[in-house]
Amino acid sequence: MGAGCAYSDLAPVAKYKDFPYDETDRGPPMDSELAALFNEVAGIVEMGVWSWDVVTGETWWSKGLYRINGRDPARGPTRDHELKYVHEDDRERVREAIERSLEEGPYYVRCRLIRSDGCVRLLDSFGRTYFEDGEPRRLIGIAFDITERTRANELAEFRARLLDTVGQALIATDASGTIVYANRSVEEMFGWKPEELIGQHVVDGPVTLKEYEARATEIVSAVFAGETWQGEATVSRRDGTIFPALLCNYPVFDDDGQVVGLIGVATDITAQKRSEVAALEGETLYRALFESSGLFISLLEADGTVVMVNEATATYLGVPAEQAVGRRTDELYPAAHSLLKSRIEEVLARGEPVVFEDTWIEPDGARYYVTNISPVELAERTLLQCAANDLTVLRETELALRESERQRLHALEDNRAFYEKAPTMIHSIDASGRLTKVSDYWLDKLGYTRAEVLGRPSIDLLTPASRENAIRWIKDYLTTGSLEDRPLQMVKKSGEIMDVLLSATSEFNERGELARSFTVLTDMTEQRRLERERLELARQLEYAQKLESLGVLAGGIAHDFNNLLTVILGNVELADAHTPSDSPARKYLANIEEATKRASSLAGEMLAYSGKGNYVVKPLDLSREVKAIMNLLRTMIARTTKLEYKLSEELPQVSADVAQLQQVITNLVINASEALQGDTGVVAVRTFARTYSADEKHATYVNGALGEGPYVCLEVRDNGCGMDHETQRRMFDPFYTTKTSGRGLGLAALQGIVRGHDGVVMVESARGRGTTITVCLPPVASPASADEAPRPHDVSPGATGATELADDALILFVDDEPELRSLGQDLLRSFGYRSLLAADGREALTMFMERRDDIALVLLDLTMPQMSGAQTFAAIRAIEPSARIILTSGYSENQFVKGVVDDPLVMFIQKPFRLTTLRAAIKGLLRA
């Protein structure tokens with residue numbers, strides 16, 4: 001055998017007594033002549049011969065075997081019983097080979113031999129066992145030292161693999177320029193297999209463009225003359241595409257210094273060329289990153305002189321960036337200079353970027369930094385770019401979390417009872433993702449028993465969407481051993497969905513297998529619900545702000561619209577008054593007047609949407625108002641719609657405008673009927689009183705959340721098509737409609753009316769399940785009787801018995817619209833009055849102070865720039881407390897008007913107004 005050891009630990013020879021005896025298989029005697037022959041042969045080749053007498057244990061080695069084993073022949077062959085000099089990983093195979101030979105005869109084994117000097121040799125051993133009387137008698141073998149040969153083969157194979165794996169394409173030629181070798185990178189770069197190129201000439205081969213053959217011939221000639229050539233050239237791939245390459249050609253010399261071939265190296269520099277094109281863009285990007293990366297970045301000379309710093313670094317150093325340039329780091333930051341200097345020297349010596357981790361003790365405590373220092377070649381000098389990142393908070397947090405997790409993991413895992421009784425949701429999984437342990441709290445929260453879940457894949461308890469995420473996470477988890485704050489949804493036994501936040505950690509054994517895991521689940525259901533409510537409230541606020549903005553816009557448009565309509569209506573009435581009764585023009589004037597009325601109605605709807613409608617508010621019974629228009633509602637809906645009423649007889653009164661409230665009821669019923677889409681269905685109208693508590697939640701709020709307290713409610717419910725989320729979101733937007741025709745102002749005006757009455761609209765709807773809309777209005781705190789309703793703010797004849805002023809009374813007309821001032825002058829002249837015209841409040845005050853004794857009445861527009869109508873009113877009353885004033889506006893009454901119209905010397909008329917309305921107002925107030 002290879003080690004030549006006596007194998008005395010085998011079983012006694014007697015165990016072989018049952019073997020068949022072969023008289024011819026005793027083997028040759030080991031006499032002196034045979035031994036001399038073996039020694040002679042072993043001296044010629046690198047081999048050793050050995051013989052082992054199985055019965056006596058006697059061992060004989062040739063000189064070659066002593067030499068292979070590194071053993072002195074004077075010491076004789078080794079008789080080690082444990083095969084000590086055979087490599088421990090090979091001993092069992094050697095034992096098995098010997099036992100097999102003692103049973104079957106042939107012997108072969110390859111093993112490693114550890115010589116006495118520690119050198120490891122690789123041996124191939126061949127031999128045969130000879131038998132006597134059927135029992136093993138002698139084992140004779142030959143050992144070959146194949147160490148050097150094996151190493152040479154491995155080296156040759158390694159070199160071949162190395163040349164095939166380099167990124168450059170390599171070819172070699174003989175003295176004639178014929179290619180004799182090409183590596184595998186040639187195929188990757190050019191598309192030609194090495195065997196297809198071998199035998200072709202390097203100049204006129206397929207990789208050289210025809211237009212470059214002359215240059216290629218020149219280059220090859222120079223290389224065969226003993227020169228080395230390097231440069232860029234354009235070469236061709238097999239598919240015909242061309243690309244730029246860096247070519248390096250080297251001559252190959254023999255022992256006599258003669259050129260016997262060349263070696264060519266080609267490098268694809270396409271990416272390099274592209275990078276050169278992108279250099280200018282990269283510079284711009286670099287500057288942006290330089291300042292916005294959040295890192296401390298500086299560019300230094302090799303001696304530490306500052307070339308450039310970003311603002312973050314300048315702030316840290318306490319100097320402006322421009323003042324830091326040209327100064328050395330030992331001046332700017334002495335504490336770090338010596339360390340930074342040694343780091344710069346190391347980077348310059350290595351010629352490549354180096355990342356350093358440092359801990360600095362600063363006044364506010366220990367700080368952890370990771371600094372990347374990179375050499376930058378610029379204008380034949382080497383600069384150093386330093387990018388430092390302050391990881392103090394991250395490192396401290398990481399260490400604290402890691403220590404906390406480690407302690408918690410060990411503490412919980414070491415005590416199963418504590419694990420199960422822990423007041424939190426905890427579970428563990430095995431390498432296949434199946435649950436192995438769960439805490440009692442985990443079971444209580446999800447409603448399962450331990451027997452129902454142990455052994456099940458943990459992802460079985462997740463919703464389908466969460467299951468897809470978890471499959472990806474578990475794969476990473478079983479590799480990295482950590483998961484943090486992953487949101488999931490679990491399905492309880494009852495079918496309810498629980499939002500959880502999952503964090504997990506695990507430990508692996510020395511083989512990289514999962515040893516144990518620990519997962520903590522935090523119930524986030526309530527937090528998620530609160531977050532959804534917060535988002536919903538934010539959406540409502542955004543919606544309310546949008547409606548407010550649109551309301552302001554609608555009100556402004558309606559105001560300007562009413563001003564224009566006042567001009568149109570006034571001029572039409574003046575024209576009509578001066579047109580003969582039989583004139584054909586009177587028909588057209590009537591058409592203009594009718595169109596003006598319809599436009600005024602549209603403006604009224606826009607004012608209603610803006611919450612600035614013309615309200616005559618008084619205490620009302622909601623059920624009574626519904627009954628009052630029941631017959632009218634029947635005529636306005638489809639015949640296939642069945643109306644049902646459930647009206648409360650004892651409702652608290654609400655403070656509302658009759659006409660506006662009836663418009664709300666009408667709009668809701670008509671919309672509900674149209675939702676049936678012509679099919680037979682039911683629209684149910686209900687009134688009731690209810691007190692809402694603070695913790696009650698509702699599907700949808702419009703005009704803010706429903707406040708706590710009592711409300712009087714109008715509910716209109718249909719079993720029609722219902723609305724999806726997008727339709728509900730936009731249903732109160734002005735001009736939004738799902739109908740084929742219509743202005744889309746109905747529900748928008750409704751929302752404005754309810755908002756103007758301090759009410760709330762709630763909507764509950766789903767596609768295919770009908771819609772329920774509930775209007776909630778606050779009840780009247782101390783309801784007044786209908787007989788005590790306040791005087792409507794319209795034109796009245798004035799106080800009875802007052803003395804009328806002269807017909808030619810002087811009236812001050814104040815309005816910022818030139819057309820309205822011109823119209824006002826004509827109207828007052830047609831009434832027989834004189835007029836003074838003022839374009840704004842300041843001009844009106846000047847005129848009033850100059851002619852206060854002559855001015856009988858002031859017609860004052862409320863909406864004017866610079867000085868508003870309310871300010872002008874107050875200033876006039878300060879001058880003359882008994883001044884008669886008629887207020888006008890394209891808006892309806894506002895809070896200011898409501899506060900002054902109870903004055904018998906003040907009236908309000910809304911634009912557009914008719915001639916008769918204005919004349920009656922003036923006469924009534926002049927008589928007051």
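Start by selecting helix α13, residues 334-350, and show the side chains of Arg350 and Glu346, which sit four residues apart, about one turn of the helix. Keep in mind that you're looking at a predicted model. The two side chains form a salt bridge, with the closest N and O atoms 3.2 Å apart. Arg350 is partly exposed at 45% relative accessibility, and Glu346 is partly exposed too, at 31%.

Next, jump to helix α26 (residues 818-831) and pick Asp826 and Arg829, three residues apart and about one helical turn from each other. Here's another salt bridge, at 3.0 Å between the closest N and O atoms. Asp826 is partly exposed, with a relative accessible area of 28%, while Arg829 counts as exposed at 51%.

Select Asp145 and Arg121: their side chains meet in a salt bridge (3.0 Å, N to O). Asp145 belongs to strand β5 (residues 135-145) and Arg121 to strand β4 (residues 120-132), 24 residues apart. Both Asp145 and Arg121 are buried. Overall, the structure holds 30 salt bridges.

Then go to helix α27, residues 841-850, and colour Gly841, Ala844, Leu845, Met847 and Phe848, which are buried. Look down the axis of α27: these buried residues fall within an arc of 165°, so they line one face of the helix.

Last stop: select Glu92, Glu96, Glu99, Glu103 and Glu104, which form a negative surface patch. Glu103 is in helix α3 (residues 91-104) and is partly exposed at 47%.

How values were computed:
Residues are numbered from 1 along each chain as its sequence is written. This is a predicted model: local features need pLDDT of at least 70, side-chain atom pairs count only at pLDDT 80 or more; totals for chains, interfaces and linings use all residues. Side-chain values use heavy atoms; hydrogens and water are left out. Patches are made of residues with over 30% relative accessible area and no salt bridge: like charges are joined within 9 Å, nonpolar side chains (Val, Leu, Ile, Met, Phe, Trp, Tyr) within 5 Å. Accessible areas come from the Shrake-Rupley method with a 1.4 Å probe; for residues, only the protein chains shown count as cover. A salt bridge is a side-chain nitrogen of Lys or Arg within 4 Å of a carboxyl oxygen of Asp or Glu. Lys and Arg count as positive and Asp and Glu as negative; His and the chain ends are not counted. The place of a charge is taken as NZ of Lys, CZ of Arg, CG of Asp or CD of Glu. Helices (H or I, at least four residues) and strands (E, at least two) are DSSP runs, numbered from the N terminus. Buried means under 20% relative accessible area, exposed over 50%, partly exposed in between (1.4 Å probe, protein chains only). The arc is that of the directions from the helix axis to the C-beta atoms.
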